[in-house]
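Please look over the sequence and the model below, and then read the report beside them.

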Amino acid sequence: MVMQAGKTMDHPCGARAVARCTELGRAPYSDMEGGLFRPYLSPSYRATCGRLAEWMRDAGMTTRMDAAGNLVGRYEGLAPDAPVVLLGSHIDSVRDGGFFDGMLGVILGIETVAHFAQQGKRFPFALEVIGFGDEEGSRFPSGMLTSHAVAGVLDNPDPAMSDWAETATLSSALEAFGLDVGQMQSASRKGDPVVAYIEAHIEQGPALEAEGRALGVVSAIAAQYRYRVTLRGMAGHAGTVAMKLRRDALAGAADIILAAERIGRAGKDGLVATVGSLDVMPGAANVVPGEVVLTIDVRAGTDATRDRAAAAILEEARQVADRRGLEMDVALQQDLDATPCDPALTALMEQAVHDVTHAPAPLLVSGAGHDAMIMAHLAPVSMLFIRCAGGISHNPAESVTDDDTDAALRAMITFIGLFERRFG
C-alpha cells in the first residue's frame, strides 16, 4: 500500500499487468510460430486490439479505433468536453521480440484507469489510453507512422509504400483493416485539448539494474538518423575473378560497418552507431557479391553530436566506395531530433517515483526512440522507465518482475493524483 493525499491506495498489483503482457505474447496475438511478431495491421494485431479493447471496457472505458489504426480507450472526466491526459505506448512488436516492449505501457495505462474506475474517481480531465499501431517500423520502412498521425505531423503518407515482405502496400493493408489511407491524417488530435502524454516503458538498457533501482524518469529521448545504403559493384565467379580486379560490394560494406563502429565508440553524449541489417546479392557461396543493402542507425543525446557522427560515417562510406570502385546510394529513412521531456511533468514523475520507492528517481536519457518523441509535437510529454533484466530488449529473453511492475503502476497512479492537484 502507498499513502497518497492522506488516504490508503489499494489497486490491482503489477502481477496482472505482467500476466496480460505474457498472454499477448502467444497465438493468436503473434504472427510467428514459437515467438512474438506482431506487425501493424496484421491478423495478430487485429486479435490483440480486440483483447485490449475488452480489458479497456472492463476498466470502465469506451473504445474506438482511429483512422490510423490506433486503439483508444476513454475514461470520461467530470465534464464531457474535459481536457485529455493520454497514457500509452505501442502495440506492435519487432520480429522475435519480447513481451513487454511497448505493450507494458499500454497495459499499465489500462490498469491505472481501472484503479480510478474502481474508486469511482473522476478528474477535471479525461484519461485516455492509446495503443499505437506502428512504432517499430517492423512492417513498413517508416516507423512511428501512427503517432505521427495522432500528433498531426504525418505528411502525405505514401499509399504505395510496400511492406518489408512485399505482400501489401500501406493502402491495401489499411483497406483490409477497414480503414482508408486517404483518411489516415484525420487521426490528428491537433484540435483536441490534449494536455499531456505519459508513457511507461521498459528501460531497454542496463542502467537501472546496475543502480539497483526499479524505476527511472526519462529526461530526454536521443536524436536519431536511419539510413538505407546501397552499394553496387560487380558480381563474378568466386574462382575466376582475381582479387585485385574485384568490385566486391560486401567487402566494401564490411569496411563501412567497421568505420561506423569506430566512430560510434569514439563519440560522446551517448553516441551509438549500428549496422543492423545487411542484404547481400546474389547471396551465393561461389559468387563475388555484386550488391549489398545495409542500414546505418546513428543516435545521440544531442542533435549536434548525432549530425557530426552521421556526416563522418557517410564520408568514410563514400571514400570506401571510391576506393573499391563501387556505386553508392544513400536514402535517409528516419530523422528524429532529440526530444527533451517536459520539465514540469518530469518533476511530477520524479516526485511520484520518490513517493513510491522512497528514494530519488534516477534521470535517464533514452537511447531508444519512442512514440513520446513524436507526441511532443502535440502536448507536453513524460516517460517512466521500468527496470528490465540484463537491459535486454527486442529479444525473447526480455523480462520484468511483478514487484517492479507494481511499483510502476503505483507511480503512474500517484502521478495522476499529483497532476490533478497541479491542474486544479
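## Terms and model

A crossing of two helices is called left-handed if the near helix is turned anticlockwise from the far one by less than a right angle, and right-handed if clockwise. This is a predicted model, in which local features need pLDDT of at least 70 and side-chain atom pairs count only at pLDDT 80 or more, while totals for chains, interfaces and linings use all residues. Residues are numbered from 1 along each chain as its sequence is written, and side-chain values use heavy atoms, with hydrogens and water left out.

## Helices α2 and α3

Helix α2 (residues 43-58) packs against helix α3 (residues 103-119) at an angle of about 25°, and their axes lie 10 Å apart; helices here are DSSP runs of H or I with at least four residues, and axes are lines fitted to C-alpha atoms over the stretch in contact, with angles from 0 to 180 degrees between N-to-C directions. The two are therefore roughly parallel (angles under 35 degrees; over 145 is roughly antiparallel, 65 to 115 roughly perpendicular, and the rest oblique), and their crossing is right-handed.

## Arginine 74

Arginine 74 belongs to strand β4 (residues 71-75), a strand being a DSSP run of E with at least two residues.

## Helices α7 and α8

The axes of α7 (residues 249-265) and α8 (residues 303-324) come within 9 Å and cross at roughly 155°, so these helices are roughly antiparallel to each other.
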